[in-house]
Amino acid sequence: MIQELHDIQAAAGATFAELTTKEIVPVSFGNDAEAIAATKKGAALYDRTHWGRIQISDSDRLRFLHNQSTNNFNILKPGQGCDTVFVTSTARTIDLATAYATEDAVLLLVSANRRRQLLELLDRYIFPMDRVELTDLIDTTVAFSFLGPESTQLLEKIGVTELKNQPYATHKLIKFAGMEVRVAVGSGLATPGYTLIAPASDAAKLWHELVKAGAVPMGDRVWEQLRIEQGRPAPDFELTDDYNPLEARLLHTITYDKGCYIGQETIARLNTYKGVKQQLWGVQLSGAVEPGTTVTIGEDKVGKLTSFTETESGFFGLAYIRTKAGGEGLKVQVGAVSGEVVNVPFLSS
């Protein structure tokens, strides 16, 4: 079923790569400049099928997830959703996930390289009395996001009008061209858009219909450039054992008064005593530089570059910068390259 989708994408010029997690992903459609332009003036379509999809069902699902991550699940009603961060017992970041509450389950959209870890982690915390069931949906569903200012118009073309101007992660199961598709507000980036989750059997047909409606196919290479430009932290780069969600500036994912959850004591203490020693920022760079390079001011080490990309307007990176050193507007050295610390839309939203 996924092969049929890949065949359509290959016919449209897609080149593919295998991730370390073994999923196959379209890297580029040979139209990177056109895809970037579509995110600014039209609507681009990104295949997120390699991302993990985990279903949590049964009657204790909301309470269970409430206890496992940073956001408040107990207040979620069917059709609502939120971003949340899974952390270790010492509040170190594991993954940034998006959750969608339905009538009888919660769907989690998680990073490709954290799906197995999160399945194992969640399974470990299900106790005999818990009425919770985990299902890995990676082989039975697909996920696409389209992003850009024309996203709502594109959605209207396929007959969906109910989600216009709705809050982030609001979602609805719709019927479209004989398919059942869950459509949610939010592209996964700061760019406005929508995310669709559908049965794998409809993958090729759904992709074809969205392109026919005017979406420009976009590969993983462009997504990665936009992710860095916009400041979405990613596992193995900004989300590691070295950092917590406050340092990653994922404040929209944290509910401080929700009660006990894994990592809660550390996060509460950091917030109460203003203990955040470093924060994630964008850095406009004068040249190319490798992730992992030290950020300095004069002789003083003030941070570390975690991601790097080259954009049409120059070189750009993400870096953790010591809070005491300053923030936006700060002039720094990243290895042999000069840089200026800037804000990024994903983290300032």
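## Stacked aromatic rings

Phe 308 is partly exposed, with a relative accessible area of 23%, where buried means under 20%, exposed over 50% and partly exposed in between, using a 1.4 Å probe and protein chains only. The model is a predicted one, in which local features need pLDDT of at least 70 and side-chain atom pairs count only at pLDDT 80 or more, while totals for chains, interfaces and linings use all residues. Residues are numbered from 1 along each chain as its sequence is written, and side-chain values use heavy atoms, with hydrogens and water left out.

Rings of Phe, Tyr and Trp (its six-membered ring) pair if their centres lie within 6.5 Å, and planes under 30 degrees apart count as stacked, over 60 as edge-to-face and the rest as tilted. The count by this rule is 7 aromatic pairs. Because the ring centres of Tyr 46 and Trp 223 lie 4.4 Å apart and their planes meet at 10°, this pair is stacked. Tyr 46 is buried, with a relative accessible area of 0%, and Trp 223 is buried too, at 3%. The rings of Phe 308 and Phe 315 are also stacked, since their centres are 6.0 Å apart and their planes are at 20°.

## A charge over a ring

A charge sits over a ring if NZ of Lys or CZ of Arg is within 6 Å of the ring centre and within 35 degrees of the ring normal. Arg 249 lies over the face of Trp 281, at 4.2 Å from the ring centre, and the charged end of Arg 227 sits over the ring of Phe 237, 5.5 Å from its centre.
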